[in-house]
Amino acid sequence: MATVFGYFNYWVVVVLMMTGFYVVISANNLVKKLVGLNVFQTSVFILYISMGKIFGGTAPILVEQPVVYTNPIPHVLILTAIVVGIATTSLGLALVVRINEAYGTIEEDEIHSLSEEESL
Amino acid sequence: MDHLPALQVVLPLFCAPLCAVLGRANLAWMLALAASWLTFLISALLLHEVLQQGVISYAMGNWPAPLGIEYRIDSVNAYMLLIVSAIGAIVLTAARPIVDTRIRLPENKKPWFYAAYMLCLTGLLGMTITGDAFNVFVFLEISSLSSYVLISTGRDRRALTAAYQYLIMGTIGATFILIGIGLLYVMTGTLNMADLALRIPQVSNTRTLHVAFAFLTVGVGLKLALFPLHLWLPNAYAYGPSVVTAFLSATATKVAIYILLRMFFTLFGAEFSFKTMRLDLILLPLALIGIFSASLVAIFQTNVKRMLAYSSVAQIGYIILGISLASLTGLTAGIAHLFNHALIKATLFLALGCVSFRVGAAKLERMAGLGRTMPWTMAAFVIGGLSLIGVPLTSGFISKWYLVVGALERGWWPVAMLVLLTSLLAVIYIWRVVEVAYFKPPPENEVIREAPLALLIPTWALALANLYFGLETSLNAGVARQAAATLLGVTP
């Protein structure tokens, strides 16, 4: 039981990661793929945030006597990664808009068959 | 002079928004051009300084390492910085005619192309120069996001789907790298690479570290298009504009390979990577299959740009093959081929840029008779092609030579045979282009003129560099050997 609940966050990370990854691979719709990619990235955010946390740790403020504190660096790092994730998602969505204008569809198999005709 | 390492990255970074707000494509081009040649100058000075005095360590914002971000330059990344900035500057010099005519952007958005180009250069230089693992991820994403934008500006609508596909694969790769860095941080409590290198051996028997190693290898493998992970590359290179393809094929995958080298040799150490994890057993077959299958597929392409894209996958295979030998000669071959392949592919793709500037898409049948109508362009293409094959007196020969010697040193003569055999496959696909261009009559009803000088001069500068570095090998082979020695921690 300890392995299930003691590492609860990490189990969530694994489940989310695999769900997102599966959606990226299997989805046919380009927007759904991006949603999957987002879930995949979010799982990594949780991984980083969980590993910085210590039970009973306080905020990292300089005080007289030494105390147990939560490491803020992973949290700060993940802020950067969240920004990167937003940039990726918005760029991906912008590309989907352009693809929709160019092909009239955002279903991968239809785009694929349209592209195949072009290369013949 | 003390702040050269910071300027190397900051200069193109500041230039990017300036390009965007300038509003006129010509002005933006001139600004970007000035900045990129200045970055080239800086990287040349840095390489000179490193070769004279050894490692340069620069504390960003005066915060000392390991808490602050350290820029750490040794002979390996000084050499990489020189490659990236040189190709960036030369390709940008040729960019204007192609951006003016062959890019799907409205006139008022063209300055943004140069802004994206500068950001991409910033990201690549930053990844190379930094000594901080998380910084690598941030710069990787800067360069990746801007390269998706650059690729999507191609005229063909398939450029959009290629950019989208690259975005998905690239983000998965980058996220894998992020996971790897996170796991390393959990185990060591540091992000500084020099610090990581000291602390990793203490925890090298833990499963977490093995998992981190696997995630990093696969993530970087995706970015550098290692054989089964190369699927994004052919479309992205085939449908992106020629200047973008020339720039990315010569720099982006190379910088990813540099990250791989840093990781295997500096962070984890050759002992762990090749003795404990037996990486050579994975990389060597992948490299050989990659070389063989990509070269074969290249032979059957009708789009010449796509053909060269597959050839890039094969050439990356040669570099990985050199690395997987994990010996001084093998590593020298890999690092020298980084340099030589950058020259070769930039020459070939720029020559194709000249071709598509005059005849439209770089289809094989459209190239009939170009040997007569565009003699200078095709001559540059042939020089690049010869160098790709590895004919003596060209730079491509140098790296193939070291590769064969390295394989023979290990007693792997079948590998050496395969290197020679696959070079023959390169002869076949380059010959197909030469045959069409020189032995078929040009179409009668249209007049094709030679490409403008603005394109021809940079293309020829690169073609001549191919010949020059085939004879004068102190830079590509000499510094490569020193870099290999630095990575392996031995004297050259």
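A residue counts as buried when its relative accessible area is under 20%, as exposed when it is over 50%, and as partly exposed in between, using a 1.4 Å probe and protein chains only. Keep that in mind as we walk through chain B. This is a predicted model, in which local features need pLDDT of at least 70 and side-chain atom pairs count only at pLDDT 80 or more, while totals for chains, interfaces and linings use all residues. Residues are numbered from 1 along each chain as its sequence is written, chains are lettered from A and ligands numbered from 1 in the order in which they are written, and side-chain values use heavy atoms, leaving out hydrogens and water.

Most residues other than glycine have a negative phi. B:A225 has a positive phi near 60°, and this residue is buried, with a relative accessible area of 1%. You will find B:A225 in the loop between α8 (207-223) and α9 (233-239); helices here are DSSP runs of H or I with at least four residues, strands are runs of E with at least two, and both are numbered from the N terminus. B:N62 is not a glycine either, and its phi is positive too, about 65°. B:N62 sits in the loop between β1 (56-59) and β2 (70-73), but is exposed, with a relative accessible area of 68%.

Next, look at helix α16(B), residues 375-389. Its 15 residues reach 21 Å from first C-alpha to last, close to the 21 Å expected, where the expected span is 1.5 Å times one less than the number of residues. Its buried residues include B:M378, B:F381 and B:I389. Among the elements covering them are α13 (304-325), α17 (395-409) and α19 (453-471) of chain B. Just past the helix, B:G390 takes a positive phi of about 100°.

Now find α13(B) again, this time beside α10(B), residues 242-267. The two pack at about 20°, with axes 12 Å apart; axes are lines fitted to C-alpha atoms, for helices over the stretch in contact, and angles run from 0 to 180 degrees between N-to-C directions. That makes α10(B) roughly parallel to α13(B), since angles under 35 degrees count as roughly parallel, over 145 as roughly antiparallel, 65 to 115 as roughly perpendicular and the rest as oblique.

Terms used:
Contact means heavy atoms within 4.5 Å.
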